Amino acid sequence: MRAYRYDHLHLRSPDPEKAAAFYTGLLGATEKTRLDNNGALRIVLDLGGVTVFVEQVPAATPVPPPAPFVGIEHIGLVVDDIAAAIEELRGQGVAILAEPKQIKPGLSIAFIGGPDGVRIELLERK
C-alpha cells in the first residue's frame, strides 16, 4: 500500500486576519507565512505542530451547519489543565459550547467555538 502522510488542515474564512488572530492570540499558534492564492489571502499557521491554512473566501460563503453533521466536525487540542484553559478562554470572551466533563477515567473534554463556525475540542488526558 502507498504511504500517506499528513500535510495540512485547510480552514476557510471571510476574514482570515481575524481568524488567524484567534488561533495565534488565544490558542498559541504561530504564523509561518502569508501568501496570495489566486487573489485570496492565505495565512499559514502552526497550531501545536499542525499546519493550518486560513484562507479568504467571499463573505457570502455559507458556514457549516450546527453539529452533528457528516464530514470533519471539529479540531481536537490537548491541554494540561482543562478547567484552567476554559476559564482563561471564557475570560477572553470565547464561546464555551460544552463545559468540561470527564467522559472516562483519565479523559476530560470540553468544546469551544472558534471563528467561522469551527468547533474546537479541548482534551485533558491523565
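**View A. The end of helix α2.** Helix α2 is followed by Gly93, whose phi is positive, near 85°. Helices (H or I, at least four residues) and strands (E, at least two) are DSSP runs, numbered from the N terminus. This is a predicted model, in which local features need pLDDT of at least 70, side-chain atom pairs count only at pLDDT 80 or more, and totals for chains, interfaces and linings use all residues. Residues are numbered from 1 along each chain as its sequence is written, and side-chain values use heavy atoms, with hydrogens and water left out.

View B. In α2 (residues 82-91), Ile82, Ala85, Ile86 and Leu89 are the buried residues (under 20% relative accessible area, 1.4 Å probe, protein chains only). Seen down the axis of α2, these buried residues fall within an arc of 95°, so they line one face of the helix; the arc is that of the directions from the helix axis to the C-beta atoms. Glu88 and Gly91, on the other side of α2, are exposed (over 50%).

**View C. The open sheet.** Four strands form an open sheet with mixed pairing, in the order β1-β4-β3-β2; two strands pair if DSSP finds at least two bridges between them. β1 (9-13) and β2 (30-37) stand at the edges with a single partner strand each, so one side of each is left without a neighbour in the sheet.

**View D. Strands β1 and β4.** β1 pairs with β4 (residues 50-56) in the parallel sense, over five bridges. Arg12 stands opposite Glu55 in β4.
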